[in-house]
Amino acid sequence: MDEIYDVMILGAGAAGLAAGIYSSRAKLNTLILNEGAIGGQMVLTNEIANYPGVETTNGFVVANTMKKQAKDFGCKIKSNLKIIDYNLDGSVKNVKLEDGREFNAYSVILAPGGRPRSLNIPGENDFKGTGISYCATCDGEFFTDKELIVVGGGNSALEEAVSLTKYATKVTIVHQFDRFQAFEHAIQEAKSNPKINFIMESELRGFHGNGKLNQVSIEHLPSEKRNEMKVDGVFIFAGYLPNTESLHGHIQLNDRNEIVVDADMKTNIPGVFAAGDCIAKRYRQVTTAVAEGTIAALSAAEFLRSN
Amino acid sequence: MLQTAVHELETAAELEKAIDEYENVMVCCGRMGPMCIPVYEAMEELEDERPEVKFYSMAFDSPEAGIIRNAPLCQGFMGLPFTVYYKNGKMVKATSSIQNYAQVTEILDEHLSEVIPANQ
């Protein structure tokens, strides 16, 4: 039989890498399998200013430091692969990859993370990079003296709308509800900015242009009335989705497709744990993901000792 | 200077030399931002898998990167990074904003792979 790892971690974001560091440092034979870029959503964070004990840095630096720590402790990391099947029941867990390889372990930590929610409306893919953006820090300056829409009502949407007023002449926040989900300080900062306007209880229905975005369709939800609006760019901050589609039928998920865990990061299957943005929780921060990865690794070690 | 393992081109002359010397060249022109880093990471992985392609990065804010910023295929781009692909010295494809490993691979397959004539 092929090698059986002590711990197999699926995902190499903040949670997966933290689990890898703790598990391999505990001398457990540890493998991380990662479908995307090392660091997950952490590398999509331009600036990390509130990680305790670390001066302001960026996600790329933190991710690469964590990767190096894990590897230095003996953790193996395999990236850019595609998992097509899971067998998580039984004493030996197994995953199959698209390229035919299989990997086995006595315990598994699921840390597939999440991804920014796209709007999935006509034109979104056509105008990515030519009017539609998901990063104000990266692309804001391309919209100097332009008019913008920001989609969303959380902290990211309101904070990025304020930052975009450095460049744009006008920023219109379009939000589906009649109130914002952001913290009060972010709401007040946006409301007091003279360049920011609000269109509430409304959603975008389409993007239009000729090689470059120049117009959007907006629907007012209560009245179902649609309007066209001229615009130079749209920044989308509409929340996150857990990367758990392939886990349907293999593990208990809630109605938001998040993995259900207890305080020890145990799932409904013995020997299978989960951590990071894939689990049911309220706060999604690098610090919380690192903490959950740590707990998952310690729980996996305890499971291995007692089984 | 970009903090990536992908070899960084510092001048337009270096880029011109690379596309003159190598048949297949991919250049990611960006910063160390959240939309750019995933592209560099995909390139790092692909360097081992695609020996027929030369992979380079270039700092978007360098005046020397005007050779990419002002390229006809990059007109209208409003998202970092600008990623460009050269075949036999000619820019054959350009993308704006984030691209993942699968998207980059698809472009390499379509534009920078070996072309086998139909009668062979």
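Let's start with how chain A is divided: the domain assignment gives domain 1, covering 4-116 + 240-305, and domain 2, covering 132-236. Please keep in mind that this is a predicted model. The C-alpha centres of domain 1 and domain 2 of chain A are 33 Å apart.

Now, what sits inside? The largest nonpolar core has 123 residues. The residues with the most contacts inside this core are A:Ile109, A:Leu110, A:Val150, A:Val234, A:Ala274, A:Ala275 and B:Val27. Domain 1 and domain 2 of chain A each give at least three residues to this core. As a general reminder, nonpolar side chains in soluble globular proteins tend to be buried together.

Let me take two of those residues in turn. A:Ile109 belongs to strand E6 of chain A, residues 102-110. Is A:Ile109 buried or exposed? The cut-off for buried is 20 or more other C-beta atoms within 10 Å, and A:Ile109 has 32 C-beta neighbours inside 10 Å, so it counts as buried. Not counting residues up to four places away in sequence, A:Ile109 touches A:Val7, A:Ile9, A:Ala19, A:Phe273, A:Ala274, A:Ala275, A:Ala296, A:Ala297 and A:Ala300. Here is another pair to look at on your screen: A:Ile109 and A:Gly20 are 89 residues apart in sequence, yet their C-alpha atoms are 9.5 Å apart in space.

A:Ala275 was in that contact list, and A:Ala275 has a list of its own. Leaving aside neighbours within four places in sequence, A:Ala275 is in contact with A:Ala15, A:Ala19, A:Ile109, A:Ala111, A:Met265, A:Ala289, A:Glu292, A:Gly293 and A:Ala296.

How many of the twelve residues of H1(A) are buried? Eleven of them are, so this helix is mostly covered. The buried set runs through A:Ala14, A:Ala15, A:Gly16, A:Leu17, A:Ala18, A:Ala19, A:Gly20, A:Ile21, A:Tyr22, A:Ser23 and A:Ser24. Their cover includes strand E1 (4-10), strand E2 (30-33), H2, E6 and helix H6 (286-305) of chain A. After H1(A) comes A:Lys27, with a positive phi near 65 degrees.

Next is helix H2 of chain A, residues 59-72. H2(A) has 14 residues and reaches 20 Å from first C-alpha to last, close to the 20 Å expected. The buried residues in H2(A) are A:Gly59, A:Phe60, A:Val62, A:Ala63, A:Met66, A:Lys67 and A:Ala70. Why do these residues sit on the same side of H2(A)? Because they cover an arc of only 165 degrees around the axis. In general, an α-helix has 3.6 residues a turn, so residues three or four places apart point the same way. On the face of H2(A) turned away from the buried side, you'll find the exposed residues A:Lys68 and A:Asp72. Just past H2(A), A:Gly74 takes a positive phi of about 105 degrees.

Finally, some backbone details. Most residues other than glycine have a negative phi, and most peptide bonds are trans. A:Asn120, not a glycine, has a positive phi of about 55 degrees. A:Asn120 is in the loop between strands E7 (114-116) and E8 (132-133) of chain A, and counts as exposed, with 7 C-beta neighbours inside 10 Å. A:Asn257 also has a positive phi, about 65 degrees. This residue is partly exposed, with 16 other C-beta atoms within 10 Å. In chain B, a cis peptide bond joins B:Leu80 and B:Pro81, with omega about -5 degrees. B:Pro81 lies in the loop between helix H3 (66-69) and strand E4 (82-87) of chain B.

Definitions and conventions: Residues are numbered from 1 along each chain as its sequence is written. Chains are lettered from A and ligands numbered from 1 in the order in which they are written. This is a predicted model: local features need pLDDT of at least 70, side-chain atom pairs count only at pLDDT 80 or more; totals for chains, interfaces and linings use all residues. A nonpolar core is a set of buried Ala, Val, Leu, Ile, Met, Phe, Trp, Tyr and Cys residues joined through C-beta atoms within 7 Å. Domain bounds come from an automatic or database domain assignment. Two residues are in contact if their C-beta atoms, placed from the backbone, lie within 7 Å. Helices (H or I, at least four residues) and strands (E, at least two) are DSSP runs, numbered from the N terminus. The expected span of a helix is 1.5 Å times one less than its number of residues. The arc is that of the directions from the helix axis to the C-beta atoms.
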